[in-house]
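Here is a short report for a reader who is new to this structure. Please look over the sequence and the structure before reading on.

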Amino acid sequence: MTDLTLVERMPRAELERLQVARLRRQVARAAERVPLYHERLRGAGVTAGDIQSLGDLRHLPFTVKSDFRDTYPFGLLAVPMEEIVRIHASSGTTGKPTVVAYTRGDMDTWSEVMARTLMLGGVGRSDVLHNAYGYGLFTGGLGFHDGGERVGAAVIPISGGFTDRQLMALRDFGSTVLCCTPSYGLYLAEALEEAGIAPKDLRLRVGFFGAEPWTEGMRDALEARLNIVALNIYGLSEIIGPGVSCECPEKQGMHVAEDHFLPEVLDPQTFEPVPPGVTGELVFTTLTKEAMPLLRYRTRDLTTLVTEPCRCGRTLTRIGRITGRTDDMLIVRGVNVYPSQIEHALLQVPDLEPHYLLVLTRETALDTLEVRVEARSSVAEAGKEALAALGAVAKRKIYEVVGVTVEVTVVPPRSIERSVGKAQRVLDLRK
Ligand code: ADP
Ligand code: ZN
(Lines give C-alpha, C1' and ligand atoms only; values in the text may rest on other atoms or scores of the structure.)
(Ligands and ions follow the chains in the order given, each with its own letter.)
Protein backbone atom coordinates (compact mmCIF):
# COMPACT_ATOMS: atom_id res chain seq x y z
CA MET A 1 0.00 0.00 0.00
CA THR A 2 1.33 3.47 -0.84
CA ASP A 3 1.63 5.77 2.13
CA LEU A 4 -1.89 7.08 2.44
CA THR A 5 -0.91 9.46 5.18
CA LEU A 6 1.66 11.40 3.15
CA VAL A 7 -0.99 13.90 2.09
CA GLU A 8 -1.85 14.51 5.74
CA ARG A 9 1.52 16.19 6.24
CA MET A 10 1.73 18.19 3.02
CA PRO A 11 2.86 21.81 3.36
CA ARG A 12 -0.29 23.96 3.25
CA ALA A 13 0.66 25.76 0.04
CA GLU A 14 1.09 22.46 -1.76
CA LEU A 15 -2.17 21.12 -0.38
CA GLU A 16 -3.98 24.25 -1.52
CA ARG A 17 -2.67 23.88 -5.05
CA LEU A 18 -3.99 20.34 -5.08
CA GLN A 19 -7.35 21.51 -3.71
CA VAL A 20 -7.74 24.29 -6.27
CA ALA A 21 -6.96 21.98 -9.17
CA ARG A 22 -9.41 19.39 -7.88
CA LEU A 23 -12.06 22.01 -7.17
CA ARG A 24 -11.86 23.27 -10.73
CA ARG A 25 -12.35 19.74 -12.09
CA GLN A 26 -15.19 19.04 -9.68
CA VAL A 27 -17.05 22.22 -10.66
CA ALA A 28 -16.63 21.37 -14.34
CA ARG A 29 -17.98 17.89 -13.73
CA ALA A 30 -20.99 19.19 -11.80
CA ALA A 31 -21.79 21.81 -14.43
CA GLU A 32 -21.57 19.36 -17.31
CA ARG A 33 -23.34 16.42 -15.79
CA VAL A 34 -25.83 17.54 -13.14
CA PRO A 35 -28.75 19.67 -14.38
CA LEU A 36 -29.23 21.32 -10.97
CA TYR A 37 -25.63 22.54 -10.96
CA HIS A 38 -25.72 23.45 -14.62
CA GLU A 39 -28.56 25.84 -13.82
CA ARG A 40 -27.21 27.10 -10.54
CA LEU A 41 -23.70 27.79 -11.79
CA ARG A 42 -25.10 29.56 -14.81
CA GLY A 43 -27.34 31.59 -12.50
CA ALA A 44 -24.34 32.51 -10.38
CA GLY A 45 -22.33 33.33 -13.49
CA VAL A 46 -19.41 31.09 -12.49
CA THR A 47 -17.52 28.59 -14.59
CA ALA A 48 -14.80 26.15 -13.58
CA GLY A 49 -12.26 28.36 -15.31
CA ASP A 50 -13.03 31.21 -12.90
CA ILE A 51 -11.61 29.22 -10.00
CA GLN A 52 -8.10 30.49 -9.40
CA SER A 53 -7.78 30.14 -5.63
CA LEU A 54 -9.68 28.78 -2.65
CA GLY A 55 -11.04 32.29 -2.16
CA ASP A 56 -13.16 31.74 -5.28
CA LEU A 57 -15.13 29.10 -3.43
CA ARG A 58 -17.36 31.88 -2.15
CA HIS A 59 -18.72 32.52 -5.63
CA LEU A 60 -20.12 29.00 -5.89
CA PRO A 61 -23.79 28.31 -5.19
CA PHE A 62 -24.90 26.36 -2.10
CA THR A 63 -26.52 22.94 -1.98
CA VAL A 64 -29.07 22.14 0.73
CA LYS A 65 -30.78 19.06 2.08
CA SER A 66 -34.00 19.81 0.20
CA ASP A 67 -32.09 19.62 -3.10
CA PHE A 68 -31.84 15.90 -2.39
CA ARG A 69 -35.56 15.69 -1.71
CA ASP A 70 -36.45 17.69 -4.80
CA THR A 71 -34.35 15.42 -7.02
CA TYR A 72 -35.20 12.19 -5.16
CA PRO A 73 -33.86 9.61 -5.64
CA PHE A 74 -31.16 9.98 -8.29
CA GLY A 75 -31.42 13.49 -9.73
CA LEU A 76 -28.02 14.56 -8.41
CA LEU A 77 -26.14 11.72 -10.10
CA ALA A 78 -23.33 12.75 -12.42
CA VAL A 79 -22.97 9.25 -13.89
CA PRO A 80 -25.33 6.67 -15.43
CA MET A 81 -26.50 3.80 -13.20
CA GLU A 82 -24.07 1.48 -15.01
CA GLU A 83 -21.24 3.19 -13.19
CA ILE A 84 -22.83 2.97 -9.75
CA VAL A 85 -21.67 0.11 -7.53
CA ARG A 86 -23.28 1.06 -4.21
CA ILE A 87 -26.32 2.92 -2.95
CA HIS A 88 -26.79 4.13 0.63
CA ALA A 89 -29.24 6.42 2.36
CA SER A 90 -28.92 8.69 5.37
CA SER A 91 -30.64 7.48 8.50
CA GLY A 92 -33.37 10.03 8.06
CA THR A 93 -32.93 11.52 11.52
CA THR A 94 -34.71 14.59 10.25
CA GLY A 95 -37.17 13.43 7.61
CA LYS A 96 -37.21 11.45 4.38
CA PRO A 97 -33.95 9.56 3.78
CA THR A 98 -31.37 11.11 1.53
CA VAL A 99 -30.16 8.76 -1.19
CA VAL A 100 -26.47 8.69 -2.11
CA ALA A 101 -24.55 6.61 -4.63
CA TYR A 102 -20.95 5.61 -5.29
CA THR A 103 -18.87 4.66 -8.30
CA ARG A 104 -15.99 2.21 -8.02
CA GLY A 105 -13.69 5.24 -7.73
CA ASP A 106 -15.82 6.70 -4.92
CA MET A 107 -15.61 3.39 -3.06
CA ASP A 108 -11.85 3.60 -3.35
CA THR A 109 -11.83 7.13 -1.96
CA TRP A 110 -14.13 6.10 0.85
CA SER A 111 -12.06 3.14 1.96
CA GLU A 112 -8.95 5.33 1.71
CA VAL A 113 -10.33 8.04 3.99
CA MET A 114 -11.67 5.42 6.38
CA ALA A 115 -8.30 3.65 6.43
CA ARG A 116 -6.65 6.98 7.23
CA THR A 117 -9.21 7.53 9.97
CA LEU A 118 -8.45 4.19 11.58
CA MET A 119 -4.72 4.83 11.28
CA LEU A 120 -5.23 7.97 13.39
CA GLY A 121 -5.87 5.53 16.22
CA GLY A 122 -2.96 3.33 15.18
CA VAL A 123 -5.18 0.57 13.79
CA GLY A 124 -3.42 -1.95 11.57
CA ARG A 125 -2.94 -5.61 10.74
CA SER A 126 -2.66 -6.86 14.28
CA ASP A 127 -5.99 -5.37 15.33
CA VAL A 128 -9.36 -7.00 15.75
CA LEU A 129 -12.04 -4.45 14.88
CA HIS A 130 -15.41 -4.84 16.55
CA ASN A 131 -17.74 -2.95 14.24
CA ALA A 132 -21.03 -2.33 16.01
CA TYR A 133 -22.18 0.45 13.68
CA GLY A 134 -25.36 -0.60 11.90
CA TYR A 135 -24.93 -2.44 8.62
CA GLY A 136 -27.38 -1.61 5.88
CA LEU A 137 -28.42 1.60 4.20
CA PHE A 138 -26.72 3.59 6.99
CA THR A 139 -23.15 4.38 5.90
CA GLY A 140 -21.63 3.71 9.33
CA GLY A 141 -21.39 -0.08 9.17
CA LEU A 142 -20.00 -0.59 5.70
CA GLY A 143 -17.83 2.53 5.85
CA PHE A 144 -15.91 1.19 8.85
CA HIS A 145 -15.94 -2.27 7.36
CA ASP A 146 -14.16 -1.32 4.14
CA GLY A 147 -11.66 0.93 5.93
CA GLY A 148 -10.92 -1.81 8.45
CA GLU A 149 -10.20 -4.34 5.74
CA ARG A 150 -8.05 -1.84 3.90
CA VAL A 151 -5.72 -1.39 6.88
CA GLY A 152 -5.61 -5.16 7.26
CA ALA A 153 -7.46 -5.41 10.57
CA ALA A 154 -9.63 -8.44 11.30
CA VAL A 155 -13.09 -6.94 10.98
CA ILE A 156 -16.00 -8.35 12.97
CA PRO A 157 -19.16 -7.21 11.15
CA ILE A 158 -21.31 -7.57 14.24
CA SER A 159 -23.56 -4.54 13.58
CA GLY A 160 -25.78 -3.29 16.43
CA GLY A 161 -27.97 -5.22 18.84
CA PHE A 162 -27.92 -8.75 20.34
CA THR A 163 -26.03 -7.73 23.46
CA ASP A 164 -24.97 -11.23 24.51
CA ARG A 165 -23.34 -11.78 21.16
CA GLN A 166 -21.61 -8.39 21.42
CA LEU A 167 -20.12 -9.34 24.79
CA MET A 168 -19.09 -12.76 23.50
CA ALA A 169 -17.26 -11.25 20.53
CA LEU A 170 -15.65 -8.51 22.60
CA ARG A 171 -14.23 -11.05 25.01
CA ASP A 172 -13.65 -14.24 23.05
CA PHE A 173 -12.39 -12.71 19.78
CA GLY A 174 -9.99 -10.38 21.56
CA SER A 175 -11.34 -7.18 20.00
CA THR A 176 -8.88 -4.31 20.23
CA VAL A 177 -10.89 -1.61 18.45
CA LEU A 178 -14.49 -0.66 19.18
CA CYS A 179 -16.54 1.21 16.58
CA CYS A 180 -20.07 2.37 17.44
CA THR A 181 -22.10 5.41 18.46
CA PRO A 182 -21.06 6.87 21.83
CA SER A 183 -24.47 6.09 23.30
CA TYR A 184 -24.17 2.47 22.22
CA GLY A 185 -20.61 2.34 23.54
CA LEU A 186 -21.90 3.37 26.92
CA TYR A 187 -24.63 0.78 26.72
CA LEU A 188 -22.03 -1.90 25.99
CA ALA A 189 -19.92 -0.70 28.92
CA GLU A 190 -22.93 -1.06 31.14
CA ALA A 191 -23.74 -4.52 29.78
CA LEU A 192 -20.14 -5.63 30.36
CA GLU A 193 -20.31 -4.41 33.95
CA GLU A 194 -23.54 -6.27 34.53
CA ALA A 195 -22.06 -9.44 33.08
CA GLY A 196 -19.10 -9.09 35.44
CA ILE A 197 -16.61 -8.58 32.61
CA ALA A 198 -13.96 -6.04 33.60
CA PRO A 199 -12.04 -3.94 31.04
CA LYS A 200 -8.87 -5.82 32.03
CA ASP A 201 -10.52 -9.04 30.79
CA LEU A 202 -10.68 -7.42 27.35
CA ARG A 203 -8.02 -6.27 24.89
CA LEU A 204 -9.84 -3.09 23.81
CA ARG A 205 -7.53 -0.09 23.48
CA VAL A 206 -9.21 2.44 21.20
CA GLY A 207 -12.74 3.37 20.17
CA PHE A 208 -14.09 5.44 17.25
CA PHE A 209 -17.31 7.10 18.31
CA GLY A 210 -19.51 9.26 16.13
CA ALA A 211 -22.75 9.62 14.15
CA GLU A 212 -24.35 11.66 16.95
CA PRO A 213 -23.38 14.62 19.13
CA TRP A 214 -21.52 13.84 22.35
CA THR A 215 -19.48 15.70 24.93
CA GLU A 216 -16.15 15.60 26.77
CA GLY A 217 -18.01 14.28 29.80
CA MET A 218 -19.21 11.37 27.71
CA ARG A 219 -15.63 10.79 26.52
CA ASP A 220 -14.44 10.61 30.13
CA ALA A 221 -17.15 8.07 30.91
CA LEU A 222 -16.31 5.88 27.89
CA GLU A 223 -12.57 6.01 28.50
CA ALA A 224 -12.89 5.18 32.18
CA ARG A 225 -15.47 2.44 31.85
CA LEU A 226 -13.92 0.68 28.87
CA ASN A 227 -10.28 1.57 29.59
CA ILE A 228 -9.73 2.83 26.05
CA VAL A 229 -8.79 5.98 24.16
CA ALA A 230 -12.07 7.35 22.76
CA LEU A 231 -11.78 9.28 19.50
CA ASN A 232 -14.44 11.44 17.89
CA ILE A 233 -15.26 10.72 14.25
CA TYR A 234 -17.58 12.78 12.09
CA GLY A 235 -19.05 12.18 8.68
CA LEU A 236 -22.30 12.34 6.76
CA SER A 237 -23.75 10.30 3.93
CA GLU A 238 -24.12 13.22 1.56
CA ILE A 239 -20.37 13.83 1.57
CA ILE A 240 -19.29 10.16 1.69
CA GLY A 241 -20.23 8.70 5.11
CA PRO A 242 -17.75 8.21 7.96
CA GLY A 243 -14.22 9.25 7.01
CA VAL A 244 -14.78 12.96 6.48
CA SER A 245 -12.93 13.85 9.68
CA CYS A 246 -11.60 12.28 12.85
CA GLU A 247 -9.49 13.15 15.88
CA CYS A 248 -5.88 12.13 16.22
CA PRO A 249 -4.68 11.04 19.69
CA GLU A 250 -4.14 14.71 20.61
CA LYS A 251 -7.95 14.95 20.83
CA GLN A 252 -7.90 18.63 19.93
CA GLY A 253 -10.40 18.67 17.10
CA MET A 254 -11.02 16.40 14.12
CA HIS A 255 -8.65 16.49 11.15
CA VAL A 256 -10.62 16.87 7.91
CA ALA A 257 -9.64 14.75 4.89
CA GLU A 258 -9.21 18.05 3.11
CA ASP A 259 -7.69 16.60 -0.02
CA HIS A 260 -11.16 15.15 -0.72
CA PHE A 261 -13.59 17.38 1.19
CA LEU A 262 -13.14 21.11 1.48
CA PRO A 263 -14.64 22.55 4.68
CA GLU A 264 -15.97 26.03 5.40
CA VAL A 265 -17.53 27.28 8.62
CA LEU A 266 -20.00 30.06 7.88
CA ASP A 267 -22.20 32.44 9.78
CA PRO A 268 -25.66 30.87 9.29
CA GLN A 269 -27.24 34.29 8.70
CA THR A 270 -24.75 36.07 6.47
CA PHE A 271 -22.98 33.01 4.98
CA GLU A 272 -19.68 34.76 5.47
CA PRO A 273 -16.81 32.71 6.93
CA VAL A 274 -16.48 33.05 10.70
CA PRO A 275 -13.00 33.38 12.23
CA PRO A 276 -11.35 30.24 13.63
CA GLY A 277 -12.78 29.34 17.02
CA VAL A 278 -16.16 30.95 16.33
CA THR A 279 -19.15 28.62 15.91
CA GLY A 280 -20.88 28.49 12.56
CA GLU A 281 -22.48 26.11 10.08
CA LEU A 282 -20.20 23.52 8.55
CA VAL A 283 -20.28 23.51 4.75
CA PHE A 284 -18.48 20.99 2.54
CA THR A 285 -17.48 20.91 -1.10
CA THR A 286 -16.42 17.52 -2.42
CA LEU A 287 -13.23 17.58 -4.49
CA THR A 288 -13.02 14.09 -5.94
CA LYS A 289 -16.51 12.62 -5.90
CA GLU A 290 -17.53 10.97 -9.17
CA ALA A 291 -21.13 9.88 -8.68
CA MET A 292 -22.37 12.84 -6.64
CA PRO A 293 -20.20 15.92 -6.66
CA LEU A 294 -21.56 18.39 -4.12
CA LEU A 295 -20.79 22.09 -4.07
CA ARG A 296 -20.96 23.93 -0.76
CA TYR A 297 -23.30 21.50 0.91
CA ARG A 298 -24.82 23.05 4.02
CA THR A 299 -24.62 20.30 6.63
CA ARG A 300 -26.64 22.21 9.25
CA ASP A 301 -24.07 20.96 11.76
CA LEU A 302 -22.54 23.56 14.04
CA THR A 303 -18.84 23.66 14.81
CA THR A 304 -15.66 25.74 14.75
CA LEU A 305 -12.55 25.66 12.57
CA VAL A 306 -9.27 24.96 14.33
CA THR A 307 -6.45 26.20 12.12
CA GLU A 308 -3.38 26.24 14.33
CA PRO A 309 -0.92 23.41 13.61
CA CYS A 310 -1.60 20.16 15.49
CA ARG A 311 1.03 18.65 17.74
CA CYS A 312 0.70 15.37 15.81
CA GLY A 313 2.37 16.99 12.79
CA ARG A 314 -0.58 16.65 10.42
CA THR A 315 -1.17 19.81 8.46
CA LEU A 316 -4.83 19.05 7.75
CA THR A 317 -7.17 21.59 9.26
CA ARG A 318 -9.44 20.54 12.11
CA ILE A 319 -13.02 21.09 13.17
CA GLY A 320 -14.14 21.23 16.79
CA ARG A 321 -16.83 19.05 18.32
CA ILE A 322 -20.18 19.25 16.58
CA THR A 323 -22.28 20.98 19.19
CA GLY A 324 -25.59 20.34 17.44
CA ARG A 325 -27.51 20.70 14.24
CA THR A 326 -29.37 23.86 13.45
CA ASP A 327 -32.53 21.73 13.30
CA ASP A 328 -31.91 20.21 16.77
CA MET A 329 -32.15 23.55 18.41
CA LEU A 330 -34.79 23.84 21.10
CA ILE A 331 -36.14 27.17 22.18
CA VAL A 332 -36.86 27.12 25.88
CA ARG A 333 -38.34 30.33 27.28
CA GLY A 334 -36.73 32.24 24.47
CA VAL A 335 -33.29 30.73 24.99
CA ASN A 336 -31.68 28.61 22.27
CA VAL A 337 -30.65 25.27 23.69
CA TYR A 338 -28.91 22.31 22.10
CA PRO A 339 -29.25 18.84 23.63
CA SER A 340 -25.46 18.55 23.91
CA GLN A 341 -25.37 21.61 26.21
CA ILE A 342 -27.74 19.83 28.55
CA GLU A 343 -25.54 16.73 28.40
CA HIS A 344 -22.52 18.86 29.19
CA ALA A 345 -24.25 20.23 32.31
CA LEU A 346 -25.63 16.89 33.47
CA LEU A 347 -22.28 15.16 33.29
CA GLN A 348 -20.85 17.66 35.74
CA VAL A 349 -23.16 16.28 38.42
CA PRO A 350 -21.30 13.31 39.94
CA ASP A 351 -24.24 11.11 40.92
CA LEU A 352 -25.94 11.17 37.53
CA GLU A 353 -25.49 8.59 34.78
CA PRO A 354 -25.04 9.79 31.16
CA HIS A 355 -28.47 8.50 30.12
CA TYR A 356 -31.01 11.22 29.54
CA LEU A 357 -34.05 12.23 27.54
CA LEU A 358 -35.38 15.70 26.81
CA VAL A 359 -39.18 15.81 26.80
CA LEU A 360 -40.88 18.78 25.18
CA THR A 361 -44.48 19.59 26.02
CA ARG A 362 -46.77 22.53 25.43
CA GLU A 363 -49.37 23.29 28.03
CA THR A 364 -50.45 26.83 27.30
CA ALA A 365 -48.60 28.90 24.75
CA LEU A 366 -45.25 28.12 26.32
CA ASP A 367 -43.06 25.16 25.50
CA THR A 368 -41.78 23.32 28.53
CA LEU A 369 -38.68 21.19 28.65
CA GLU A 370 -38.40 18.35 31.09
CA VAL A 371 -35.05 16.63 31.46
CA ARG A 372 -35.22 13.00 32.52
CA VAL A 373 -31.91 11.63 33.67
CA GLU A 374 -30.77 8.50 35.46
CA ALA A 375 -29.16 8.42 38.90
CA ARG A 376 -26.44 6.07 40.06
CA SER A 377 -27.89 3.01 41.73
CA SER A 378 -26.58 4.12 45.14
CA VAL A 379 -28.80 7.24 44.97
CA ALA A 380 -31.78 5.32 43.67
CA GLU A 381 -31.45 2.89 46.57
CA ALA A 382 -31.48 5.78 49.03
CA GLY A 383 -35.07 6.50 48.00
CA LYS A 384 -37.34 9.12 46.45
CA GLU A 385 -36.06 12.04 48.47
CA ALA A 386 -32.49 11.39 47.41
CA LEU A 387 -33.61 11.40 43.77
CA ALA A 388 -35.50 14.65 44.24
CA ALA A 389 -32.51 16.29 45.93
CA LEU A 390 -30.28 15.21 43.08
CA GLY A 391 -32.83 16.65 40.65
CA ALA A 392 -32.54 20.01 42.36
CA VAL A 393 -28.76 19.91 42.01
CA ALA A 394 -29.06 19.06 38.30
CA LYS A 395 -31.58 21.86 37.77
CA ARG A 396 -29.17 24.39 39.29
CA LYS A 397 -26.30 23.04 37.20
CA ILE A 398 -28.31 23.37 33.98
CA TYR A 399 -29.25 26.90 34.91
CA GLU A 400 -25.61 27.72 35.61
CA VAL A 401 -24.26 26.18 32.41
CA VAL A 402 -27.05 26.75 29.87
CA GLY A 403 -28.94 29.65 31.39
CA VAL A 404 -32.42 28.13 31.35
CA THR A 405 -34.70 26.79 34.02
CA VAL A 406 -36.00 23.33 33.20
CA GLU A 407 -37.81 20.64 35.10
CA VAL A 408 -35.47 17.79 36.02
CA THR A 409 -36.77 14.34 36.90
CA VAL A 410 -34.14 11.98 38.21
CA VAL A 411 -35.10 8.40 37.52
CA PRO A 412 -33.62 5.07 38.66
CA PRO A 413 -30.91 3.37 36.56
CA ARG A 414 -32.08 1.64 33.39
CA SER A 415 -35.39 3.54 33.12
CA ILE A 416 -34.41 5.37 29.94
CA GLU A 417 -34.52 3.38 26.75
CA ARG A 418 -31.10 2.46 25.32
CA SER A 419 -30.32 2.90 21.64
CA VAL A 420 -28.44 0.64 19.28
CA GLY A 421 -27.49 3.33 16.79
CA LYS A 422 -28.10 7.05 17.03
CA ALA A 423 -29.62 7.95 20.38
CA GLN A 424 -33.00 9.65 20.36
CA ARG A 425 -32.41 12.43 22.87
CA VAL A 426 -35.55 14.48 22.32
CA LEU A 427 -39.13 13.33 22.79
CA ASP A 428 -41.46 15.93 21.32
CA LEU A 429 -44.96 15.70 22.76
CA ARG A 430 -46.04 19.16 21.65
CA LYS A 431 -48.53 18.13 18.95
P1 ADP B 1 -28.86 11.77 9.17
O2 ADP B 1 -28.52 11.53 10.61
O3 ADP B 1 -28.92 13.21 8.80
O4 ADP B 1 -30.03 11.02 8.70
P5 ADP B 1 -26.29 10.50 8.48
O6 ADP B 1 -26.58 9.13 8.93
O7 ADP B 1 -25.52 10.70 7.26
O8 ADP B 1 -27.63 11.28 8.29
O9 ADP B 1 -25.59 11.22 9.69
C10 ADP B 1 -24.83 12.39 9.55
C11 ADP B 1 -25.11 13.33 10.69
O12 ADP B 1 -24.80 12.71 11.95
C13 ADP B 1 -24.23 14.54 10.65
O14 ADP B 1 -24.75 15.52 9.77
C15 ADP B 1 -24.25 15.00 12.10
O16 ADP B 1 -25.42 15.74 12.40
C17 ADP B 1 -24.29 13.69 12.86
N18 ADP B 1 -22.93 13.30 13.28
C19 ADP B 1 -22.09 12.44 12.68
N20 ADP B 1 -20.94 12.32 13.37
C21 ADP B 1 -21.03 13.14 14.44
C22 ADP B 1 -20.16 13.48 15.52
N23 ADP B 1 -18.97 12.94 15.68
N24 ADP B 1 -20.61 14.40 16.41
C25 ADP B 1 -21.83 14.96 16.28
N26 ADP B 1 -22.69 14.68 15.29
C27 ADP B 1 -22.31 13.78 14.38
ZN1 ZN C 1 -3.44 15.94 15.05
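The sections below take up strands, salt bridges, a pocket and the surface.

## The model

This is a predicted model. Every value in this report is computed from it.

Start with strand β19, residues 367-375. Of its 9 residues, 7 are buried, so the rest of the structure largely encloses the strand.

β19 pairs with strand β18, residues 352-362. The two run antiparallel, and 8 bridges join them. Together β18 and β19 form a hairpin, with 4 residues between them. One facing pair is Leu352 and Ala375, the latter in β19.

β19 also pairs with strand β20, residues 407-411. Here the sense is parallel, over 5 bridges. Glu374 stands opposite Val411 of β20.

## Strand β6, buried throughout

Strand β6 covers residues 206-210. Its count is 5 buried residues out of 5, so β6 too is largely enclosed by the rest of the structure.

In a regular strand, side chains alternate between the two faces of the sheet. In β6, Val206, Phe208 and Gly210 point one way. Gly207 and Phe209 point the other way. All of these residues are buried.

The partner of β6 is strand β5, residues 177-180. These two strands run parallel and are joined by 4 bridges. Cys179 has Phe208 of β6 as its bridge partner.

## Salt bridges across the sequence

The model holds 37 salt bridges. One of them joins the side chains of Arg414 and Glu194, at 2.9 Å from N to O. Arg414 sits in the loop between β20 and β21 (426-428), while Glu194 belongs to helix α7 (residues 182-194), so the bridge ties together parts that are 220 residues apart in sequence. Arg414 is partly exposed, at 38% relative accessibility. Glu194 is exposed, with a relative accessible area of 55%.

A salt bridge also joins the side chains of Arg425 and Glu343, at 3.9 Å from N to O. This pair links distant parts of the chain. Arg425 is in the loop between β20 and β21, and Glu343 is in helix α9 (residues 339-346), 82 residues apart. Both ends are buried: Arg425 has 14% relative accessibility, and Glu343 has a relative accessible area of 1%.

Which residue forms a salt bridge with Asp367? The partner is Arg430, and the closest N and O atoms are 2.9 Å apart. Arg430 lies in the segment after β21 and Asp367 in strand β19, so the pair ties together parts that are 63 residues apart in sequence. Arg430 is partly exposed, with a relative accessible area of 28%. Asp367 is buried, at 16%.

Salt bridges also form a network. Its members are Glu8, Glu112, Arg116, Asp259 and Arg314.

## The second largest pocket

The second largest pocket has a volume of about 530 Å³. It is lined by 28 residues. Those closest to its centre are Arg12, Leu54, Glu258, Pro263 and Leu305.

Three elements each supply at least two lining residues: α1 (12-33), β10 (261-266) and β13 (305-306). Which of the elements gives the most to the lining? That is β10, with 5 residues.

Leu305 also has a spatial relation to Pro273. The two are 32 residues apart in sequence and 10.0 Å apart in space, C-alpha to C-alpha. Pro273 lies in the loop between β10 and β11 (280-286). Is Pro273 buried or exposed? Pro273 counts as exposed, at 57% relative accessibility.

## A nonpolar patch on the surface

Phe74, Met81 and Ile87 form a nonpolar patch on the surface. Together they have about 240 Å² of accessible area.

Ile87 belongs to strand β1, residues 84-89. Its relative accessibility is 37%, so Ile87 counts as partly exposed.

Key
Residues are numbered from 1 along each chain as its sequence is written. Chains are lettered from A and ligands numbered from 1 in the order in which they are written. This is a predicted model: local features need pLDDT of at least 70, side-chain atom pairs count only at pLDDT 80 or more; totals for chains, interfaces and linings use all residues. Side-chain values use heavy atoms; hydrogens and water are left out. Buried means under 20% relative accessible area, exposed over 50%, partly exposed in between (1.4 Å probe, protein chains only). Two strands pair if DSSP finds at least two bridges between them. Patches are made of residues with over 30% relative accessible area and no salt bridge: like charges are joined within 9 Å, nonpolar side chains (Val, Leu, Ile, Met, Phe, Trp, Tyr) within 5 Å. Accessible areas come from the Shrake-Rupley method with a 1.4 Å probe; for residues, only the protein chains shown count as cover. A salt bridge is a side-chain nitrogen of Lys or Arg within 4 Å of a carboxyl oxygen of Asp or Glu. On a 1 Å grid over the protein atoms alone, a cavity is a set of points where a 1.4 Å probe fits but cannot get out, and a pocket is an open set with protein on both sides within 12 Å along at least five of seven lines; lining residues have an atom within 4 Å of a point. Grid points are joined across faces, edges and corners, and a volume is the space filled by probe spheres set on the points.
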